[in-house]
Amino acid sequence: MAPHKDIDYDITIVGGGLVGLAAALSLAGENCLVHLLEAGEPEKIMANRHPSFDDRTLVINPASRLFWQQLDLWKDLLPHCTAVNRVHVSQKGRFGSVRFDRERLQVDYLAHVIEAKVLGRCLWLQVMRHPHITLSAPAELTEFSSGDQDVLIQYKSPSKPNSHRSKLLLAADGARSAVRQKLGLKTITKNYHRTAIVANVMTELPHRHCAYERLTNTGPMALLPFHDRLGLIWSLPEAQAQQLLKLGDSEFTQGLQEAIGYRLGRISRIGKRSAYPLYRICVPQQFKQRVLLLGNAAHTVSPVSAQGLNLGVRGIQRLTAVIKKALKTQQDIGNDGVLSEYQRQSQPDQQAILQYTDDLMTWFKIDQPLVNGLRALGLLAVDSSVGLQRQFYRLAGGLAEMTS
Ligand SMILES: Cc1cc2nc3c(=O)[nH]c(=O)nc-3n(C[C@H](O)[C@H](O)[C@H](O)COP(=O)(O)OP(=O)(O)OC[C@H]3O[C@@H](n4cnc5c(N)ncnc54)[C@H](O)[C@@H]3O)c2cc1C
């Protein structure tokens with residue numbers, strides 16, 4: 001589609017993290033002319049030295065896998081993925097557990113695990129090659145102002161300041177979104193006062209494609225099967241996490257072993273440890289004057305739930321469908337009607353995931369006999385009911401949204 005006279009691009013995306021890159025590919029697939037601005041240096045991105053593309057392992061749920069298939073990227077990603085065939089949920093030191101099994105649920109797999117850096121590099125290369133995408137990096141958005149017909153976007157790149165006009169500006173500039181702040185959109189932040197320690201772990205026994213979610217009274221912990229190792233995400237009170245981070249490998253391993261138990265035998269090796277503060281961001285109104293928030297800029301959830309990117313991907317799918325329809329009926333893709341349709345469709349999904357991840361972070365903190373008993377019964381109920389397991393699989397797998 002040729003942009004309107006005097007308009008340089010249909011859509012400008014600020015932020016070339018996983019969400020900005022995926023949104024660029026999806027929208028360019030509908031023939032939109034896209035300009036993507038990323039502040040990071042391409043050399044750092046390709047060398048895995050950019051914070052959006054680090055060593056963290058990401059769970060790709062079944063709904064996201066379909067999205068990557070539609071973009072024709074799955075064949076490139078699959079060789080780097082490890083399939084999850086089983087998930088074991090248990091409570092440390094308490095009765096009750098749930099085992100999700102692909103055979104019991106009659107599905108081919110429950111999820112896949114990939115490293116953020118591999119996914120990021122693959123998306124970056126696709127974006128560079130796409131004929132409808134102009135990629136500017138390093139390029140930092142400095143100003144924008146919305147008019148009746150378009151948004152004027154100003155950015156600085158190493159050579160000189162630049163500007164152009166677009167119908168729509170998408171802010172995929174992360175949890176601390178400067179665009180969101182500039183628009184003055186109400187932002188509700190909940191600090192969990194917890195830190196996630198992330199590391200690769202090798203154990204005596206193989207993972208056999210099983211992921212572990214362990215609910216402890218300091219917070220949830222996840223171990224994701226990845227190649228010959230497991231990706232650990234361990235949420236802890238801030239002070240405790242800081243103490244653990246200072247320990248040497250053997251002392252740290254001792255503490256971790258105590259927390260995860262011996263289901264996988266002894267921990268034989270621990271990789272580099274990274275720390276992420278845990279908080280939740282909810283933005284009730286996500287657009288204003290031709291500017292729409294996407295990904296972490298619109299909703300940030302605790303990584304222990306493995307939902308942030310998956311939720312972002314569903315947002316991109318909805319936005320692409322809404323824009324496709326608007327183009328077909330020759331509507332202005334930046335107008336409030338189009339953007340409010342996107343928000344209306346996205347709200348129930350976002351609220352469900354924000355609630356689910358918040359429950360995971362807070363519910364298991366409560367340590368009272370009655371609550372503990374109910375929790376054990378709840379886990380046993382889910383364990384014994386294939387129907388309840390299917391419902392849970394559909395929510396966590398992003399599939400509940402696809403048929404609603
Ligand atoms: C440890 C961990 C594990 C996780 N595991 C999972 C998982 O298993 N499954 C899952 O679905 N999700 C998971 N997530 C969440 C997922 O990683 C995020 O939801 C996702 O990466 C967010 O991407 P984003 O593009 O919205 O934001 P970001 O990655 O923050 O990207 C924002 C980008 O915007 C750029 N930028 C910012 N300001 C400007 C500007 N002014 N001009 C130009 N560029 C700018 C930045 O350089 C950056 O590249 C995990 C997160 C963590 C921390």
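## Ground rules

In this predicted model, local features need pLDDT of at least 70 and side-chain atom pairs count only at pLDDT 80 or more, while totals for chains, interfaces and linings use all residues. Residues are numbered from 1 along each chain as its sequence is written, and side-chain values use heavy atoms, leaving out hydrogens and water.

## Around the ligand

The ligand has 31 residues around it, and Glu38, Arg56, Val59, Leu309 and Asn310 are the closest (a residue counts if one of its heavy atoms lies within 4 Å). By type, this shell splits into 16 nonpolar, 11 polar and 4 charged residues (Ala, Val, Leu, Ile, Met, Phe, Trp, Tyr, Cys and Pro are nonpolar; Asp, Glu, Lys and Arg are charged; the others, Gly among them, are polar).

Now for some polar contacts (pairs of N or O atoms within 3.5 Å). The side chain of Glu38 has an N or O atom 2.7 Å from a ligand oxygen. Backbone N or O atoms also come in: one of Leu141 sits 3.0 Å from a ligand nitrogen, and one of Ala306 lies 3.3 Å from a nitrogen of the ligand.

Searching the whole structure turns up 1 cavity of 30 Å³ or more (on a 1 Å grid over the protein atoms alone, a set of points where a 1.4 Å probe fits but cannot get out; its volume is the space filled by probe spheres set on the points, which are joined across faces, edges and corners). The largest cavity has a volume of about 120 Å³.

Its lining (residues with an atom within 4 Å of a point) includes His88, Tyr212, Arg214 and Leu264. Sorted by type, the lining has 5 nonpolar, 4 polar and 3 charged residues.

Definitions and conventions: A polar contact is a pair of N or O atoms within 3.5 Å; within protein, one must be able to donate a hydrogen and the other to accept it, and residues adjacent in sequence count only if both atoms are side-chain atoms. On a 1 Å grid over the protein atoms alone, a cavity is a set of points where a 1.4 Å probe fits but cannot get out, and a pocket is an open set with protein on both sides within 12 Å along at least five of seven lines; lining residues have an atom within 4 Å of a point.
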